[in-house]
Every structure is written in C-alpha cells, then in structure tokens.
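User: I am new to this structure and would like to know what lies behind the labels used for it. Please take me through them one at a time.

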Amino acid sequence: MSTAVHALLFDLGGVLVDIDFSRALQHWQAHSSLSAEALAKAFRFDPAYEQHERGQLSSEAYFAHLATVLKLSASAKEIEAGWNAIFKGEITEARALVQHAGRALPCYAFTNTNGSHMRTWSALYPEVVQAFQRIFASHEIGMRKPEADAFAFVCTAMRCRPESVLFFDDLAENVEAAQAPGLQAVQVRSPRDVERALRAAGAL
C-alpha cells in the first residue's frame, strides 16, 4: 500500500453477504401477469430504486412502484417477502477476516441499502453487523455509492483522510469512484481478494 492504512471500509452485499436478485423474481413470478423473461426485463435498478436507497422513497412507495412495473397482484407484505428473498447467506470467510483485521484497525461498512433490507440482513447476520464500529447505510445518510459526496461524507465521519482508507467493494464502478478522491480500493471477487489486501495493509 502506498500510504499507511488507518481504517478499513467494506461493502456488504457481494463482499460479506451473498445476494441474488433472481430469487426475488422467482418469488414474484407467481404474482405477476408477466412471463419470467418479461419480468426479468421489467425489473431494473431504476431511479425509484436509487431513491429508495437514498431514503427519498419509502419502502411502501417503492413496493407500490414494483407492483405497477412488474404487474404484481400481491399485497405489500408479499412483495416485501420477495424483496427480502435475495439474501443467500453470510460469506463466513470474509466475515472472519474482518473480525481478525478489526483487532488491528477500525472497521466500518458502507452499503447501498434500504430500511426493509437492513432490517432483514441485520437479523439474519448479527455477526456481520457486530464486526463493524459503524455501518453507513445509504438510506440513512441520504447518499449512495458511487456518488462522490457519499465517499466524502463517510471519510469525514470516520475522521480519516481518503488516502488512509482501504475500501472493499464487489462493483468496479464503486471501486473507481472511491479511487477518484484518493481512497485505496480493491474490487472483491472472492474472500481471497480481501485477504491479500488486508495482509498487504498489515491488518492480518
């Protein structure tokens, strides 16, 4: 690492928690007038999705949006059940690495999420939640990755210069966005990527 690392910052989905949006589509299929192929095409990470993740749109309003776009004849509760079916499990090897690294450096998480998802993964994976000093949730801070203001807010809240933060995310666009203001950033494809970067930073 070119600059000493003073804090570690982790994405959750795809890094510490395995997610699969096709599971939501499978759940909703029974309630939709669309074919499976049409349903998959209709579901998008659209402006309403992003507004939901910034806390600008309530879960109830977002589920109503999904009902319209996906042609769902289902209650909000049933739509939410599909929405929360995306969680496949904890990536235990990555979580253990975070717990170990936390003995050497402060660990934080920064996740694009929403109230419904956060309640679900917090209940399902308490050890993941407990591994961090603070979790920056997009819907709570009103900003989401890859927005530059979001990274600036998080670094300020951690009281760290961007270049002293080592950030892990599974999406290339978020890694690139983090690198722009100076964060050291690693794209995670497996726990091996996390382990290698932590060792290089002296956190393991």
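User: Where is the place of Lys 71?

Analyst: This is a predicted model. Lys 71 is in the loop between helix H4 (59-69) and helix H5 (76-83). Its phi is positive, about 55°, although Lys 71 is not a glycine.

User: Why does Lys 71 count as partly exposed?

Analyst: Buried means under 20% relative accessible area and exposed means over 50%, with partly exposed in between. Lys 71 has 44% relative accessibility, so Lys 71 counts as partly exposed.

User: What makes Arg 159 count as exposed?

Analyst: Arg 159 has 78% relative accessibility. The cut-off for exposed is over 50%, so Arg 159 counts as exposed. Arg 159 lies in the loop between H10 and S6, and has a positive phi of about 60° although it is not a glycine.

User: Why is the pair of Phe 10 and Phe 168 called stacked?

Analyst: By the rule for aromatic pairs, the count comes to 18. In the pair of Phe 10 and Phe 168, the ring centres are 4.6 Å apart and the planes are at 5°. Centres must lie within 6.5 Å, and planes under 30 degrees apart count as stacked, so this pair is stacked.

User: Which parts does the pair of Phe 10 and Phe 168 tie together?

Analyst: Phe 10 lies in strand S1 (residues 7-10) and Phe 168 in strand S6 (residues 165-169), so the pair ties together parts that are 158 residues apart in sequence. Phe 10 has a relative accessible area of 0%, and is therefore buried under the 20% cut-off. Phe 168 also has a relative accessible area of 0% and is buried.

User: What makes the pair of Tyr 62 and Phe 63 tilted?

Analyst: The centres of Tyr 62 and Phe 63 are 6.4 Å apart, with 50° between the planes. Under 30 degrees would be stacked and over 60 edge-to-face, so the pair counts as tilted. Both Tyr 62 and Phe 63 are buried. They also belong to one aromatic cluster with Phe 21, Trp 28, Phe 43, Phe 45, Tyr 49 and Trp 83.

User: How do you know that the charged end of Lys 145 sits over the ring of Phe 110?

Analyst: The charged end of Lys 145 is 5.3 Å from the centre of the Phe 110 ring. Pro 146 lies in the loop between helix H9 (138-141) and helix H10 (148-158).

User: Why are S1 and S6 said to pair?

Analyst: A pair needs at least two bridges, and S1 and S6 have four, so they pair; the sense is parallel. Leu 8 stands opposite Leu 166 in S6. S1 and strand S4 (residues 107-111) also pair in the parallel sense, over three bridges. There Leu 9 stands opposite Tyr 108.

User: Which way do the residues of S1 point?

Analyst: Ala 7 and Leu 9 point one way, Leu 8 and Phe 10 the other way, and all are buried.

User: What unit do S6, helix H11 and S7 make?

Analyst: S6, helix H11 (residues 172-179) and S7 make a right-handed β-α-β unit. S6 and strand S7 (residues 184-187) pair in the parallel sense over four bridges, and Gln 184 is the bridge partner of Leu 166.

User: Why does Ala 178 count as buried?

Analyst: Ala 178 lies in helix H11. Its relative accessibility is 0%, under the 20% cut-off, so Ala 178 counts as buried. Setting aside residues up to four places away in sequence, Ala 178 touches Phe 151, Phe 167, Leu 183 and Ala 185.

User: Which residues touch the most other members of the largest nonpolar core?

Analyst: Of the 50 residues in the largest nonpolar core, they are Leu 8, Phe 10, Trp 28, Phe 132 and Phe 168. Apart from that core lies another of 20 residues, among them Phe 136, Met 158, Val 165 and Ala 185. In soluble globular proteins, nonpolar side chains tend to be buried together.

Technical notes. Residues numbered from 1 in each chain as written. Predicted model: local features only at pLDDT ≥ 70, side-chain atom pairs only at ≥ 80, totals over all residues. Heavy atoms only, no water. Phe/Tyr/Trp six-rings, centres within 6.5 Å; stacked < 30°, edge-to-face > 60°. Buried < 20%, exposed > 50% of the residue type's maximum accessible area, 1.4 Å probe, protein only. Lys NZ or Arg CZ within 6 Å of the ring centre and 35° of its normal. Right-handed = clockwise from strand over helix to strand, strands pointing away. Core = buried A, V, L, I, M, F, W, Y, C linked by side-chain atoms within 4.5 Å. Contact = heavy atoms within 4.5 Å.
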